Amino acid sequence: MKILICEDDEALISMIRFKLARENMGELFKATDGREAKVLLQENDFDLIITDIHMPYHSGLELTAYVRNELKKATPIIVLSAEGLEDTVLQAFAVGANDFITKPFSPAELAVRVKRILNR
Amino acid sequence: MMPALRDIHGGADTTFFIVVTLIFLTLSVFIVLMLFITRMVKSSYQRRAAVLRVRCQKILNAIVIHELYSTAQQPVSAFEYRLGELRMLTGNAGFARQVLIDSIMELKKNLSGASARALTATYYELALQRRSLLKLKSFFWKRRAQGIRELSEMGYKESIPEIMKFLNAGEPILRQESFMALVRLEDDRPLFFLDDYRQDLTDWMRINIYYYLTRQDVRKLPVFSRWFNHPNTSVVLFSISMARQFRQTESLPELARLLSSPDAGVVSVAIQTLGELEANQYVSNVVRLTERVWDDEKLSRRLARCLGRIGDAQEGLETVVRFLSHPAYSVHQEAALALRKMGPEGVAILAQFNAENEGVLTRIIRHIEEPLLQ
């Protein structure tokens with residue numbers, strides 16, 4: 001399993017990686033901005049993408065749209081955001097996200113959601 | 001025998017010039033050296049902080065992921081073990097403890113539930129609140145603000161009296177930090193400190209309070225009419241807008257009284273709120289304001305809009321029709337829209353008025369009937 005984590009907060013990346021590694025979720029990749037994420041997405045096939053909405057260069061929503069519309073991939077995408085506004089959630093699902101988690105969140109909850117998506 | 005400087009270069013002026021140049025060069029070298037040393041110290045500090053942050057982060061991850069603070073399956077000793085690691089890592093060094101506080105804060109802002117509680121417990125077990133409290137006594141306002149932020153993030157309620165001292169501070173950022181800290185810390189008596197608040201409530205503060213309140217249990221929110229007669233106008237305006245946002249209809253009688261306020265801003269927000277809360281029972285109070293607001297374009301617009309929401313054919317309609325002859329174009333537009341909202345009778349009167357006045361409102365009517373603008 002290859003999981004890409006796109007998040008500009010290094011502390012959060014470290015925590016998510018730690019948690020997913022503990023749960024033996026496979027190989028974990030990180031991108032700290034939208035541009036880096038795009039390059040990784042072009043070069044690799046991931047089983048899951050976890051992305052924040054607010055990132056430098058390209059937002060998580062742009063990234064989701066890029067995966068669906070340009071790369072034409074059905075890779076599951078979990079969107080993380082501090083904005084739990086209805087519009088943002090709907091927009092995320094509209095561009096092709098599979099799940100949405102509002103920050104602050106519980107790492108245990110994230111792990112459960114990741115497992116559920118990967119086991120589908 | 002060595003020749004004197006002035007013998008070589010000839011003249012006192014040249015000597016003076018050479019001495020000044022030498023002093024200038026020495027000073028320049030000294031300044032460059034100081035800058036270099038400062039930079040070296042700063043980079044060394046940053047490097048040490050980065051290394052320490054990574055090490056703290058690893059231990060904090062372990063604390064967070066195990067979520068061991070409240071579960072029976074996990075021995076408490078595991079948590080104690082991690083605490084011991086952090087104690088060894090940071091010792092009593094202020095620098096290291098600050099890096100640890102920053103790491104905890106950074107991580108906690110994104111986490112909830114048991115993970116966030118584990119981080120808070122780590123903060124208290126290591127007595128880091130003492131360092132945050134010390135900052136409140138600092139000479140620099142930035143450090144005080146940092147201390148306030150840390151204490152509020154960690155929910156240290158014992159610091160409320162200390163933080164309250166900064167509520168009316170001269171430095172606006174410090175004031176805002178203390179204000180927001182009190183909003184967060186006083187969750188059982190939300191916003192009580194507004195009673196004594198004398199400074200201006202900035203837009204930033206209003207947005208933050210509103211954001212905070214939207215995440216609270218509605219039943220715990222205060223009745224905002226409590227501050228409708230506050231001596232600070234910005235508090236009055238804020239509480240009216242909060243009564244509107246949270247649809248506190250129990251505030252309506254107090255709100256109707258505010259229509260006679262001498263402050264035009266208060267009257268304006270009160271009119272808007274009565275309209276948005278659909279307070280039909282106060283339509284006559286609003287109608288009575290017509291003469292007073294006539295010369296004020298913004299107030300006239302708000303009044304027309306409010307009547308569009310709460311008025312009907314019996315009361316309010318006549319006033320709205322009057323606004324169609326207001327000197328300001330924007331008021332005509334608002335009045336036309338209000339008539340349209342009042343139903344078939346309003347629409348008929350609008351059409352009749354337009355016909356009787358040589359189609360003066362034709363463009364407005366076309367505009368408000370545009371489906372894309374609905």
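This is a short walk through a predicted model, looking at chain A and then at chain B.

Let's begin with the sheet in chain A. Five strands form an open sheet, in the order β2-β1-β3-β4-β5, and the pairing is parallel. The edges are β2, residues 27–31, and β5, residues 99–102; each of these pairs on one side only. Ignoring direction, neighbouring strands are turned by 15 degrees against each other on average.

Now look at β1 of chain A, residues 2–6. Strand β1 pairs with β3, residues 48–52, in the parallel sense over four bridges. For a landmark, find C6(A): its bridge partner in β3(A) is T51(A). On the other pairing, β1(A) meets β2(A), again in the parallel sense, over five bridges. There, I3(A) stands opposite L28(A) of β2(A).

Is β1(A) enclosed or open? Four of its five residues are buried, so β1(A) is largely enclosed by the rest of the structure.

Next, the helices on this sheet. Helix α5, residues 107–118 of chain A, lies across β1, β3, β4 and β5. Helix α5(A) runs at about 175 degrees to β5(A).

Two backbone details in chain A deserve a stop. The peptide bond from K103(A) to P104(A) is cis, with omega near -5 degrees. Where does P104(A) lie? You will find P104(A) in the loop between β5 and α5 of chain A.

The other detail is Y57(A). Its phi is near 70 degrees, which is positive, and this is a residue other than glycine. Y57(A) sits in the loop between β3 and α3 of chain A, where α3 covers 60–70. Is the residue buried or exposed? Y57(A) has 53% relative accessibility, so it counts as exposed.

On to chain B. This chain has 20 helices and zero strands. How does its radius of gyration stand against a compact globule of 374 residues, and what is the value? The globule would come out near 21 Å, but chain B has 33 Å. Along the principal axes, the C-alpha atoms of chain B fill a box of roughly 115 × 85 × 40 Å. Of the 374 residues in chain B, 45% are buried. Take the contacts in chain B between residues at least 6 apart in sequence: 65% of them join residues at least 24 apart.

Two helix pairs show the packing. First up, α7, residues 141–153, and α9, residues 172–185, both of chain B. They pack at an angle of about 10 degrees, with axes 9 Å apart. Therefore α7(B) and α9(B) are roughly parallel to each other. On the α7(B) side, the contact residues include W141(B), A145(B) and I148(B); on the α9(B) side, they include L174(B), A181(B) and L185(B). By class, this contact has eight nonpolar, two polar and five charged residues.

Then α16, residues 297–310, and α18, residues 329–341, again in chain B. Their angle is about 5 degrees, with axes 8 Å apart. That makes α16(B) roughly parallel to α18(B). Among the contact residues are R301(B) and A304(B) of α16(B), and E334(B) and A338(B) of α18(B). This contact divides into four nonpolar, three polar and five charged residues.

Last stop: R247(B). Its phi is near 50 degrees, a positive value in a residue other than glycine. R247(B) lies in the loop between α11 and α12 of chain B. With 45% relative accessibility, R247(B) counts as partly exposed.

Terms used: Residues numbered from 1 in each chain as written. Chains lettered and ligands numbered in written order. Predicted model: local features only at pLDDT ≥ 70, side-chain atom pairs only at ≥ 80, totals over all residues. Heavy atoms only, no water. Axes fitted to C-alpha atoms, helices over the stretch in contact; angles between N-to-C directions. Parallel < 35°, antiparallel > 145°, perpendicular 65-115°, else oblique. Contact = heavy atoms within 4.5 Å. Nonpolar A, V, L, I, M, F, W, Y, C, P; charged D, E, K, R; others polar. Pairing = 2+ DSSP bridges. Rg over C-alpha atoms; globule rule 2.2 N^0.38 Å. Buried < 20%, exposed > 50% of the residue type's maximum accessible area, 1.4 Å probe, protein only.
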